[in-house]
Amino acid sequence: MQNKNKSGYFIFIFTFLMCLNSLFFGNSAAQVNDPSVVATGGSNYTIDSIRVEGVEFLAVTASSDHEDYAGYTLSADGEKTVAFTLIDGEFKRYEFENSQDTRFYALGNDLRAAGHYQDSDGLYHGVIMENGELQRYDFPGAVQTFIYGISDATGVLTGNWIDEAGVHRGFSGDETVEFPGARETHAHFVNASGGMVGSYVDAGGVYHAYVRTPGGRFISLDLPRAGELEYFICARH
């Protein structure tokens, strides 16, 4: 099962991906305010606080180029986790039918959102929101599927899948992604040029971030404090 209960170093990954974008690959009221500047690795990044009136918990996991947002929050009764979108200032919750947990991790400029949900048996499946409707998505042959990215250039979905043996592999479109020699591979986002970011687990059980170039070459990245981190979630800026 996906490592839901482990802790990661999300702020570092957020700023790390901001660097990748520039370096490698060429009806509730909502407020975005309280900007602050955080210095990481010698560069400055502006982080905005996003608030929705009447909503106490909000995890923003994706954004479009038009300052729309997606992620997950609590259901209106506070009993479970559900997905949300914040588009043109309008906040909406989404819950897959009979699910225990629904979360969005990707949002395209076409306003499709995607992520995954946990069914009544505890298994995860991909979910796509289009025109306000939720659709289930399972990678071919997968027991469980997790979506983390949508390509604005091609519409391709990117994420992870687990086979019957419990092995984690990445996918992008209909392609399986596996870092050479890795015990597990996670694919998180593909940009307009076809460049991918994600993470893999080496033979010793240590997580590493990677970049896959548009030509298919994998580059392992040695990040500061990588040995202290339990996993990486690499998401769109």
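Reply: Let us begin with a term: a salt bridge is a side-chain nitrogen of Lys or Arg within 4 Å of a carboxyl oxygen of Asp or Glu. Side chains of opposite charge can pair when their charged atoms come close. Please keep in mind that this is a predicted model. Here, arginine 212 and glutamate 175 meet in such a bridge, with N and O 3.0 Å apart. The pair links distant parts of the chain, since arginine 212 belongs to strand β17 (residues 207-212) and glutamate 175 to strand β14 (residues 175-177), 37 residues apart.

Me: Is arginine 212 buried or exposed?

Reply: The general idea is a cut-off: buried means under 20% relative accessible area, and exposed means over 50%, with partly exposed in between. Arginine 212 has 11% relative accessibility, so this residue counts as buried. Glutamate 175 stands at 36% and therefore counts as partly exposed.

Me: How many salt bridges does the structure hold?

Reply: The structure holds eight. One of them joins glutamate 95 to lysine 80, with their closest N and O atoms 2.8 Å apart. This pair, too, links distant parts of the chain: glutamate 95 sits in the loop between β6 (90-94) and β7 (101-107), while lysine 80 sits in the loop between β4 (69-74) and β5 (81-87), 15 residues away.

Me: Why does glutamate 95 count as partly exposed?

Reply: The reason is its relative accessibility of 40%, which falls in the range between the cut-offs for buried and exposed. Lysine 80 is likewise partly exposed, with a relative accessible area of 25%.

Me: How should I read the surroundings of a single residue? Which residues does glutamate 184 touch?

Reply: One begins with the place of the residue and then lists its neighbours. Glutamate 184 lies in strand β15 (residues 184-190), and its relative accessible area of 17% makes this residue buried. Leaving aside residues up to four places away in sequence, glutamate 184 touches His168, Tyr200, Val201 and Tyr207. With tyrosine 200, which is 16 residues apart along the chain, the C-alpha separation is 5.5 Å.

Me: What polar contacts do the side chains of glutamate 184 and the histidines make?

Reply: The side chain of glutamate 184 has a polar contact of 3.5 Å with that of histidine 168. Another polar contact, of 3.4 Å, joins the side chains of glutamate 184 and histidine 186.

Me: Where is asparagine 160 found?

Reply: Asparagine 160 is in strand β12 (residues 157-162). With a relative accessible area of 0%, asparagine 160 is buried. A polar atom of its side chain lies 2.8 Å from the backbone nitrogen of alanine 187. Between the C-alpha atoms of asparagine 160 and glutamate 184, 24 residues apart along the chain, the separation is 9.8 Å.

Me: Finally, how many aromatic pairs are counted?

Reply: Rings are paired by the distance between their centres, which must lie within 6.5 Å. By this rule the count is 15 aromatic pairs. Phe57, Tyr72, Tyr105 and Tyr148 form one aromatic cluster. Over the face of tyrosine 72 lies arginine 103, at 4.2 Å from the ring centre.

Note on methods: Residues are numbered from 1 along each chain as its sequence is written. This is a predicted model: local features need pLDDT of at least 70, side-chain atom pairs count only at pLDDT 80 or more; totals for chains, interfaces and linings use all residues. Side-chain values use heavy atoms; hydrogens and water are left out. Helices (H or I, at least four residues) and strands (E, at least two) are DSSP runs, numbered from the N terminus. Buried means under 20% relative accessible area, exposed over 50%, partly exposed in between (1.4 Å probe, protein chains only). Contact means heavy atoms within 4.5 Å. A polar contact is a pair of N or O atoms within 3.5 Å; within protein, one must be able to donate a hydrogen and the other to accept it, and residues adjacent in sequence count only if both atoms are side-chain atoms. Rings of Phe, Tyr and Trp (its six-membered ring) pair if their centres lie within 6.5 Å; planes under 30 degrees apart count as stacked, over 60 as edge-to-face and the rest as tilted. A charge sits over a ring if NZ of Lys or CZ of Arg is within 6 Å of the ring centre and within 35 degrees of the ring normal.
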